[in-house]
Amino acid sequence: SGDLPTISVMHSDLKIDTSSLSYLSKLCPSGYFTHGCENPVGIAKDAHFGNFYEGSYLETAVELVKGDQPSGTISLGYECESDVIALVTGHMSTYGDKIGDFSDPSYTTQMLPGHWIRFSAGSIDHYRKILSVDSATGQVTFTDNTPAIDTYTDVEYGDYFSDWNGSDGDSGVSNSCLSSRIH
C-alpha cells in the first residue's frame, strides 16, 4: 500500500457548460463552492475540491479518497485531438506518387474528399489530404505525393483538431503533434 503524489496540471483549456444540471448539481454544488462558480472568481471551499473554470491552469489534482494505491509516480500521456477511423485489417500501399491503394476496399467507403489521412511505417507520421476516393477499388488520390514506395498498416483517416486555428497549416495537426502524437 502506498500513496501517489498529487498531479500537477500544467495547462488546461477545459470548458464546461456552466448552465447544465450536471455542472450545477455535481461539479459546482453551492454547499462546497461558497463563493459561487461563475467567472472570474471560483474559489473552492477547501483543498479537496479543484477549480473547473475556463483558463484554469497550474492547478493541483487532489486525491479525494485515499485507497490502496501503489507507491511511485505516474505519467499521463496526451494524445493529439482527432476524430478518425483506424485501419484494423489490411494495409495501404503507396508508390511515391499521389495514389494509395488499400488491400481492403471496404475501409474506404466512409472516406470523403477533404478528409486527412495519417500513415506511418515507424516513428514518422505522414499526413495527406484526400482528393478523391474510389471505394470500389480501394484507391485513394491525395493532393500531394506520398514520400516513398511502401506498405503501411498504421493508417487512420478523418479530421484532426490540435491546430484548431490553422496557424501550423491546413491539416488540423499542430507542429507539436506532427513531431509526436502522444505527449
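Predicted model: local features only at pLDDT ≥ 70, side-chain atom pairs only at ≥ 80, totals over all residues.

Me: Fine. How many disulfides does a search of the whole structure find?

Reply: The search turns up one disulfide, and it joins Cys80 to Cys177, with an S to S distance of 1.8 Å.

Me: Which hand does that disulfide have, and what's the torsion?

Reply: The torsion about the S-S bond of Cys80 and Cys177 is about -95 degrees, so the disulfide is left-handed.

Me: And where do the two cysteines sit, buried or exposed?

Reply: Cys80 is in the loop between strand S2 (59-61) and strand S3 (82-86), while Cys177 belongs to helix H2 (residues 175-179), so that the pair links distant parts of the chain, 97 residues apart. Both Cys80 and Cys177 are buried.

Me: OK, switching to the sheet. What's the strand order?

Reply: There is an open sheet of eight strands with antiparallel pairing, and its order runs S3-S10-S6-S7-S8-S5-S4-S9. S3 and S9 stand at the edges with a single partner strand each, so one side of each has no neighbour in the sheet. From one strand to the next, the twist averages 35 degrees.

Me: Which hairpins are in there, and what are the turns like?

Reply: One hairpin is formed by S4 and S5, with three residues between them, and Gly96 in its turn has a positive phi of about 80 degrees. Another is formed by S7 and S8, with four residues between them, where Gly138 in the turn has a positive phi of about 80 degrees.

Me: How many bridges hold those pairs?

Reply: Strand S4 (residues 92-95) and strand S5 (residues 99-102) pair in the antiparallel sense over three bridges, and S7 pairs with S8, also antiparallel, over four bridges.

Me: I keep landing on Ser93. Where is it, and which residues are its bridge partners?

Reply: Ser93 is found in strand S4, and its bridge partners are Asp101 in S5 and Thr151 in S9. On the S9 side, S4 and strand S9 (residues 149-152) pair in the antiparallel sense over four bridges.

Me: Is Ser93 buried or exposed, and what does it touch?

Reply: Ser93 has a relative accessible area of 13%, which is under the 20% cut-off, so it counts as buried. Leaving aside neighbours within four places in sequence, Ser93 is in contact with Ile99, Gly100, Asp101, Asp150 and Thr151.

Me: What does Asp101 pair with in S8?

Reply: The bridge partner of Asp101 in S8 is Gln139, and Gly100 stands opposite Val140 in S8. S5 and S8 pair in the antiparallel sense over three bridges.

Me: What does Met111 touch?

Reply: Not counting residues up to four places away in sequence, Met111 touches Phe102, Ile117, Ile130, Val133, Val140 and Tyr157.

Me: Last topic, the rings. How many aromatic pairs does the structure hold?

Reply: It holds five aromatic pairs. In one of them, the rings of Phe102 and Tyr107 have their centres 5.3 Å apart and their planes at 50 degrees, so the pair is tilted. Both Phe102 and Tyr107 are buried, and together with Tyr157 they form one aromatic cluster.

Me: And what about Tyr127 and Tyr160?

Reply: The ring centres of Tyr127 and Tyr160 are 5.3 Å apart and the planes stand at 90 degrees, so the pair is edge-to-face. Tyr127 lies in strand S7 (residues 125-134) and Tyr160 in strand S10 (residues 154-160), so the pair ties together parts that are 33 residues apart in sequence. Tyr127 is buried, with a relative accessible area of 10%, and Tyr160 is buried as well, at 8%.

Terms used:
Residues numbered from 1 in each chain as written. Heavy atoms only, no water. Phe/Tyr/Trp six-rings, centres within 6.5 Å; stacked < 30°, edge-to-face > 60°. Buried < 20%, exposed > 50% of the residue type's maximum accessible area, 1.4 Å probe, protein only. Contact = heavy atoms within 4.5 Å. Pairing = 2+ DSSP bridges. Disulfide = S-S within 2.5 Å. Axes fitted to C-alpha atoms, helices over the stretch in contact; angles between N-to-C directions.
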